[in-house]
Amino acid sequence: MSARSQERMPALYLSHGAPPLADDPVWPGQLAAWSADLPRPRAILMVSAHWEEAPLALGATETVPLVYDFWGFPEHYYQVRYPAPGAPELAESVRKLLRGPGTPVQDIPDRGLDHGAYVPLAEMFPEADIPVLQISMPTLDPVRLMDIGRRLAPLRDEGVLIVGSGFFTHNLAALRHTGGGVPSWSAEFDDWGRRALDARDVDALLDFGHTSPAGRLAHPRTEHFAPLFVTMGAADAAGELGEQKSVIDGFWMGLAKRSVQFG
């Protein structure tokens, strides 16, 4: 991909919810309104909390079946389709940007989009007519993920929308013991994260497990917060960490659905 777009694409971190997001009375409209305000991407590069694979892997570059990586849901959620075109040119660009000594890149050509990718995309770009490439997270180390984001940043000038897809708070086990409403650990972490983003406190965000209230309750594993750091790296390379805004906030089933745009 060599042609530059007329404007740099923003970089996004979004909370992707779960398959029932499609039935929520509010959230799908919020995602649709967000995408309507974006420049139209030439392609979308997705980094989802639901694909950890090392070395870094590139998913399918042609349309293949989705990955229904969830259990116990009603059958109609397993009938959802999102036949977005593959993005072989984008895959080649990613290989060139990331591959180097000590940083191998592998291809898994039959790996389709998982629910962290297709659930929000189905609301944001329902026509499924924009090429999509999903790549894995080869690590959960925030510093290394920011470096990956920096290396991917030139794609933004080629019309590529870089999307880190996670959940701003994510502890399903703890939710089972809190009853209804928003648990205090979710609300506290969401407020802390908003303030840290507004203050551009990168160091605090990188070390969120120690610097944030209830950090390890909000994220007992890092995987749903980790995509934020890829997005932040893509923004940092362009000097745009200060140009961020929370586009969606609030809570869904007790979890913070904060979603952020850089640039």
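## A buried ring and its partner

With a relative accessibility of 0%, Phe189 counts as buried (buried means under 20% relative accessible area, exposed over 50%, and partly exposed in between, with a 1.4 Å probe and protein chains only). The model is predicted, and local features need pLDDT of at least 70, side-chain atom pairs count only at pLDDT 80 or more, while totals for chains, interfaces and linings use all residues. Residues are numbered from 1 along each chain as its sequence is written, and side-chain values use heavy atoms, with hydrogens and water left out.

Phe225 is likewise buried, at a relative accessible area of 0%. Phe189 and Phe225 form an edge-to-face aromatic pair, 5.3 Å centre to centre and with 75 degrees between the planes. Rings of Phe, Tyr and Trp (its six-membered ring) pair if their centres lie within 6.5 Å; planes under 30 degrees apart count as stacked, over 60 as edge-to-face and the rest as tilted. Phe189 lies in helix 6 (residues 184-198) and Phe225 in the loop between helix 9 (215-218) and helix 10, so the pair ties together parts that are 36 residues apart in sequence. Helices (H or I, at least four residues) and strands (E, at least two) are DSSP runs, numbered from the N terminus.

## The aromatic cluster and Phe168

Ring pairs join Tyr13, Phe168, Phe189, Trp192, Phe208, Phe225 and Phe229 into a cluster. Within this group, Phe168 is found in the loop between strand 6 (160-166) and helix 5 (172-175). Phe168 is buried, with a relative accessible area of 0%.

Setting aside neighbours within four places in sequence, Phe168 is in contact (heavy atoms within 4.5 Å) with residues including Tyr13, Phe189, Arg194, His219, Phe225 and Arg258. Between Phe168 and Ala218 the C-alpha to C-alpha distance is 8.2 Å, and the two are 50 residues apart in sequence.

## A second aromatic pair

The structure holds 17 aromatic pairs. One of them is formed by Tyr68 and Tyr118, which are edge-to-face, at 6.1 Å centre to centre and 75 degrees between the planes. This pair links distant parts of the chain, 50 residues apart: Tyr68 is in the loop between strand 3 (56-58) and helix 2 (88-98), and Tyr118 is in helix 3 (residues 115-124). Tyr68 counts as partly exposed, at 25% relative accessibility, whereas Tyr118, at 2%, counts as buried.

## Packing of helix 1 and helix 3

Helix 3 also packs against helix 1 (residues 27-36), at an angle of about 70 degrees and with the axes 7 Å apart. Axes are lines fitted to C-alpha atoms, for helices over the stretch in contact, and angles run from 0 to 180 degrees between N-to-C directions. Helix 1 and helix 3 are therefore roughly perpendicular to each other (angles under 35 degrees count as roughly parallel, over 145 as roughly antiparallel, 65 to 115 as roughly perpendicular and the rest as oblique).

Pro28, Leu31, Ala32, Trp34 and Ser35 of helix 1 make the contact with Pro120, Glu123 and Met124 of helix 3.

## Packing of helix 4 and helix 10

The axes of helix 4 (residues 142-152) and helix 10 (residues 227-236) come within 6 Å and cross at roughly 45 degrees. That makes helix 4 oblique to helix 10. Residues in the contact include Leu145, Met146 and Arg150 of helix 4, and Phe229, Val230 and Asp236 of helix 10.
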